[in-house]
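The sequence and coordinates come first, and the description follows.

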Amino acid sequence: WETYPEMPLALEIHNEIMRSLIVANGGYEVKTIGDSFFVAFPDVPSAVRFALQLQLEMMMADWPESLLGLPDGLQELSPTGGLMWRGLRVRVGIHLGVAKVEVDYNT
């Protein structure tokens, strides 16, 4: 992906969607590395709602036409003709546990 000229704009769209949904679902952006986000939510339903909304928002985003023409950005339909995906793809992992809060003096 990083070799495609569409990526700076695609990353901007990705980050905007991520951050708006993090806030909308009561989340907290702990850290980012490249296009990866580490986010904490107050409860499991908020995290799951975020993950589902993220997939839908990413699929319906206003991606550049040139990105939609790339092999990894093409629209995909289900066997019944329903939209399964289009544009930039993301994966989301949800982990449950008690957070260990520590002060990071570097940030």
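## Residues, pocket and core

Val30 sits in strand 1. The model is predicted. With a relative accessibility of 38%, Val30 counts as partly exposed, because that value falls between the limits of 20% for buried and 50% for exposed. Leaving aside residues up to four places away in sequence, Val30 touches Phe38, Val39 and Ala40. Val30 and Lys100 are 70 residues apart along the chain, and their C-alpha atoms are separated by 13 Å.

The largest pocket has a volume of about 1500 Å³. Its lining is made up of 41 residues, of which Phe37, Phe38, Val39, Ala40 and Gly93 are the closest to the pocket centre. Two or more lining residues come from each of helix 1 (7-24), strand 1 (28-33), strand 2 (36-40) and helix 2 (44-60). By residue class, the lining of this pocket holds 24 nonpolar, seven polar and 10 charged residues.

The largest nonpolar core has 19 residues, and those that touch the most other members are Ala10, Ile17, Phe50, Leu54, Met58, Trp63 and Leu88. Helix 1, strand 2, helix 2 and helix 3 (65-68) each give two or more residues to this core. Helix 1 supplies the largest share, seven residues.

How many aromatic pairs does the count come to? The count is one. The pair is formed by Phe41 and Phe50, with 5.0 Å centre to centre and 40 degrees between the planes, and is tilted. Phe50 has a relative accessible area of 5% and is therefore buried, the limit for that class being under 20%.

Ser46 belongs to helix 2. Is Ser46 buried or exposed? Ser46 is buried, since its relative accessible area is 6%.

The accessibility values are set out below.

| Residue | Relative accessible area | Class |
|---|---|---|
| Phe50 | 5% | buried |
| Ser46 | 6% | buried |
| Val30 | 38% | partly exposed |

Conventions. Residues numbered from 1 in each chain as written. Predicted model: local features only at pLDDT ≥ 70, side-chain atom pairs only at ≥ 80, totals over all residues. Heavy atoms only, no water. 1 Å grid on protein atoms, 1.4 Å probe; cavity = no way out; pocket = protein on both sides within 12 Å on 5 of 7 lines; lining within 4 Å. Points joined across faces, edges and corners; volume = space filled by probe spheres on them. Helix = DSSP H or I, 4+ residues; strand = E, 2+ residues; numbered from the N terminus. Nonpolar A, V, L, I, M, F, W, Y, C, P; charged D, E, K, R; others polar. Core = buried A, V, L, I, M, F, W, Y, C linked by side-chain atoms within 4.5 Å. Buried < 20%, exposed > 50% of the residue type's maximum accessible area, 1.4 Å probe, protein only. Phe/Tyr/Trp six-rings, centres within 6.5 Å; stacked < 30°, edge-to-face > 60°. Contact = heavy atoms within 4.5 Å.
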